[in-house]
Amino acid sequence: MRTDLVSLPGSPERPNEDWAAAVLPASGGGGAVVVLDGVTPPAGDDGCVHGVPWFTARLGGALTELSGSRRDMTLTAILSYGIRRTADAHRESCDLSHVRTPQATVALARWDADTVEYLVLSDSVLLLESPAGAVRAVRDNRLDRVPPEILRSHEATDRLRNREGGFFTAAADPAVAERAVTGTVSRAEVRALAALTDGAARWVERFGAGDWVECFALLAAEGPRGLVDRVRALETAADAAATRAGAGGVVRRGKPHDDATAVYAEL
């Protein structure tokens with residue numbers, strides 16, 4: 001197995017809220033990839049004394065351990081247990097019922113000699129490449145269905161967060177694992193895979209620099225760092241264009257520069 005990963009903060013003034021890990025079990029019979037994108041809360045109270053980086057490290061660590069050691073558990077069960085374990089670690093000190101309690105998007109993949117399992121929750125993306133070069137993007141598109149004008153309001157977004165008709169993230173409720181997009185494919189159908197947070201997936205989803213096949217080819221040729229460097233260049237160019245357009249320029253969803261994480265694995 002060849003694995004390459006990179007995770008860069010969106011700004012040097014803020015901690016990176018993403019988490020990424022690759023696992024090769026001692027048996028050498030398979031592997032796993034774990035990618036989390038911590039959700040940056042608006043300024044103000046979120047009910048937690050720890051913060052998003054603490055949360056993604058705790059949940060990411062639990063998912064990494066379980067993905068590598070508990071082959072008897074499905075990825076859904078692993079995510080549920082990881083959320084519960086993380087919640088238990090700060091249940092007595094924090095208000096876990098707060099709608100903005102620390103939370104994250106999730107992309108998981110695990111494989112052995114026969115199968116590849118996957119799980120995606122919220123707007124991280126998992127790419128599966130076949131031996132013939134076809135690329136399948138596994139996405140949870142519920143956030144895409146939320147109108148942009150709602151996402152520009154923190155209060156309106158909160159009313160849809162982890163609610164029916166809205167979108168779901170890994171926070172404090174283990175039951176949210178059942179909302180994830182999951183599946184299993186034959187190992188023979190997957191030559192390589194990649195997991196991207198939305199900060200890295202911007203190359204396709206926001207800037208339209210290429211499609212998923214071209215994105216995967218870029219990852220294979222230049223590695224995750226090559227993809228993230230290209231995203232940063234596009235973000236800088238977009239900033240310059242917005243500045244030239246003035247205050248009445250293009251309204252963009254999300255942060256101008258986001259934490260960007262990508263993992264590429266050849267099986």
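The model is predicted: local features need pLDDT of at least 70, side-chain atom pairs count only at pLDDT 80 or more, and totals for chains, interfaces and linings use all residues. Residues are numbered from 1 along each chain as its sequence is written, and side-chain values use heavy atoms, with hydrogens and water left out.

**Overall**
- The chain has 6 helices and 10 strands; these are DSSP runs numbered from the N terminus (helices H or I, at least four residues; strands E, at least two).
- The radius of gyration is 18 Å, close to the 18 Å from the globule rule for 267 residues, so the chain is as compact as a globular protein of that length. The radius is taken over C-alpha atoms, and the rule is 2.2 Å times the number of residues to the power 0.38.
- Along the principal axes, the C-alpha atoms fill a box of roughly 55 × 45 × 35 Å.

**Sheet with β1 and β7 at the edges**
- This open sheet has 5 strands in the order β1-β10-β9-β6-β7, with antiparallel pairing. Two strands pair if DSSP finds at least two bridges between them.
- Edge strands β1 (2–8) and β7 (135–139) each pair on one side only.
- β1 and β10 (residues 260–266) are antiparallel over 7 bridges. T3 has A265 as its bridge partner in β10.
- Helix α5 (residues 198–205) packs on the sheet, touching β6, β7, β9 and β10, at about 80° to the direction of β10. Angles run from 0 to 180 degrees between N-to-C directions, with axes fitted to C-alpha atoms, for helices over the stretch in contact.

**Sheet with β2 and β8 at the edges**
- A 5-strand open sheet runs β2-β3-β4-β5-β8, with antiparallel pairing.
- Its edge strands, β2 (18–23) and β8 (181–186), each pair on one side only.
- Neighbouring strands here are turned by 5° on average, direction ignored.
- β5 (residues 115–121) and β8 share 6 antiparallel bridges. T115 stands opposite S186.
- α1 lies across β2, β3 and β4, at about 165° to β3. α2 touches β4, β5 and β8, at about 45° to β5.

**Helix pair α1/α2**
- α1 (residues 52–69) and α2 (residues 75–90) pack at about 140°, with axes 9 Å apart. That makes α1 oblique to α2 (under 35 degrees is roughly parallel, over 145 roughly antiparallel, 65 to 115 roughly perpendicular, the rest oblique).
- Contact (heavy atoms within 4.5 Å) involves residues including W54, F55 and R58 of α1 and L75, I78 and Y81 of α2.
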